[in-house]
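Here's a quick look at side-chain pairings, starting with one term that comes up along the way. Have the structure open as you read.

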Amino acid sequence: MTIFKTTRRLLAGGLVAAAILAGFAAVPAAAQTAAPPNLIDTIKRRGKIIVGMASFVPWAMRDTKNDWIGFEIDVARKLAADLEVELELVPTAWDGIVPALLASRFDTIIGGLSITTPRALQVNFTVPYSQSGTGVAASKQLATNLKWPEGYNATNVTFACRRGTVACKWIETKFPKATLRQFDDTAVVYQEVVNGNAHAAITSEPAPTFAVIQNPERLFKPTENFLTTSVEGFAIRKGDADALAFFNAWITANRESGWLQERRDYWFKSRAWADQVKQ
């Protein structure tokens, strides 16, 4: 009796296993291996790429017709054109832009987002498509004969910076002998140099470059190099290697062609666009 029951159980188990295997065999091979569509497939099928960005001059800003213009806008528009899809821009508060991406409010962030380790724990970054940093503008009246940078580390030299920024800390470290004056507004920082109350100002670019362009008789740049640097990349949600590869290839191609540098120079090293912007 025991042998009969054991045999019956084995037969039943074999029938179940055979049925499961038959079920798998009935599923087409393509369906067994199909992966969910990647982001680029989704964008192409939708016919539109949705880009998260924030408003910063000259990264992204409104023109006199209330349209978006700026370096990041040029990048997003060319990306959409190369994908042969429409572009939808989603202006987003800066402190909420990464959470909004993670909540799928848009496909990618193209908004001057610096690549940092804490952010890389939340999102995938592309290779850099842009570089930013701090720069310096100096007074022709006070600093023309000072050699950069060693001549600026003196007790009779005064720097201006925006309170609470990396620039202020950098000045304290690099020019410990100099006097440091801190202000809450970048415009006031440069007015101090224009008025001859400070030898130089250090802030994030492009403010130093623009200050020199707007005050060529009073200001100059003792160096064109960034004093501190950061790099920016597109950000996408994690888990999509194909989309990341596509964006990396697009950035590489447009960097090597010179297009990215040409557009960045236009927006960050000139004021040719200034009359297009709302005052």
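This is a predicted model: local features need pLDDT of at least 70, side-chain atom pairs count only at pLDDT 80 or more; totals for chains, interfaces and linings use all residues.

Mean pLDDT for the protein is 90, with 87% of residues at 70 or more. Residues 1-27 fall below 50, and that stretch makes 2 contacts beyond near neighbours in sequence.

## Salt bridges

There are 12 salt bridges in the structure. In one of them, Glu-192 meets Arg-181 at 2.7 Å, N to O. Glu-192 belongs to helix H9 (residues 186-194) and Arg-181 to strand S9 (residues 179-183), so this pair ties together parts 11 residues apart in sequence. Arg-181 is partly exposed at 33%.

Lys-269 also pairs up, with Asp-265, at 3.9 Å between the closest N and O atoms. Here Lys-269 is exposed at 56%, while Asp-265 is partly exposed at 29%. Asp-74, Glu-262 and Arg-263 link up in a salt-bridge network.

## Rings

The aromatic pairs number 17. Take Tyr-266 and Trp-267: their ring centres are 4.9 Å apart with planes at 85°, so they sit edge-to-face. Trp-267 is buried at 3%, whereas Tyr-266 is partly exposed at 23%.

One aromatic cluster includes Trp-59, Phe-71 and Tyr-129. The charged end of Arg-264 sits over the Phe-71 ring, 5.7 Å from its centre. Likewise, Arg-271 lies over the face of Phe-210, at 4.8 Å from the ring centre.

Definitions and conventions:
Residues are numbered from 1 along each chain as its sequence is written. Side-chain values use heavy atoms; hydrogens and water are left out. pLDDT is the predictor's confidence in each residue, from 0 to 100. Contact means heavy atoms within 4.5 Å. Rings of Phe, Tyr and Trp (its six-membered ring) pair if their centres lie within 6.5 Å; planes under 30 degrees apart count as stacked, over 60 as edge-to-face and the rest as tilted. Buried means under 20% relative accessible area, exposed over 50%, partly exposed in between (1.4 Å probe, protein chains only). A charge sits over a ring if NZ of Lys or CZ of Arg is within 6 Å of the ring centre and within 35 degrees of the ring normal. A salt bridge is a side-chain nitrogen of Lys or Arg within 4 Å of a carboxyl oxygen of Asp or Glu. Helices (H or I, at least four residues) and strands (E, at least two) are DSSP runs, numbered from the N terminus.
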